[in-house]
Amino acid sequence: MTKICYKNKDFLNKEMLYVMEWKFKTGPDYLATGFRKFLSTGAPFPEGATVHGRYHAPGSAKGWIVVETENISALYEHAAEWGELLEWETTPVLTDDQASEVASKLFA
């Protein structure tokens, strides 16, 4: 196993935005079971994460959750809780202001 060492671990404890894309696995009853679970629980996120929005594609077989957290383990926990029903792709994202700051350093 390869061990990665970072000289600056400050990035580990910074509030960051993530987009978590979900889609139901294919197969019998995943969709119905998933919606029953969602309707009965509300799909709460673990403590330490702020959900800015949940978005459902028409037909609701896939969607997105925008989450802000410094605790990436909360994302892992939520995805694992739904892992038997959903496939996940999680992407860290920047706001326009954050991206502009970086772009101005490189291209201004």
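Q: What does F45 touch, leaving out residues up to four places away in sequence?
A: In this predicted model, F45 touches M20, V51, R54, I65, V67, A74, L75 and H78.

Q: Which residues touch the most other members in the largest nonpolar core?
A: F45 is one of them, along with M20, I65, V67, L75 and L86. That core has 15 residues.

Q: And which elements each supply at least two residues of it?
A: β1 (16–24), β3 and α2 (72–81) do. β1 gives the most, with four residues.

Q: OK, on to α2. Which of its residues are buried?
A: A74, L75, H78 and A79. Seen down the helix axis, they fall within an arc of 130°, so they line one face of α2.

Q: What covers those buried residues?
A: The cover includes β1, β2, β3 and β4 (86–93).

Q: Which exposed residues sit on the face of α2 turned away from the buried side?
A: Y76 and A80 are the exposed residues carried there.

Q: Switching to the strands: do β2 and β3 pair parallel or antiparallel, and over how many bridges?
A: Antiparallel, over seven bridges, with β2 spanning residues 49–56 and β3 spanning 62–69.

Q: Which β3 residue is the bridge partner of V51?
A: V67. Both V51 and V67 are also among the residues F45 touches.

Q: How many residues lie between β2 and β3 in the hairpin?
A: Five. In that turn, G59 has a positive phi of about 95°.

Notes:
Residues are numbered from 1 along each chain as its sequence is written. This is a predicted model: local features need pLDDT of at least 70, side-chain atom pairs count only at pLDDT 80 or more; totals for chains, interfaces and linings use all residues. Side-chain values use heavy atoms; hydrogens and water are left out. Two strands pair if DSSP finds at least two bridges between them. A nonpolar core is a set of buried Ala, Val, Leu, Ile, Met, Phe, Trp, Tyr and Cys residues joined through side-chain atoms within 4.5 Å. Buried means under 20% relative accessible area, exposed over 50%, partly exposed in between (1.4 Å probe, protein chains only). Contact means heavy atoms within 4.5 Å. The arc is that of the directions from the helix axis to the C-beta atoms.
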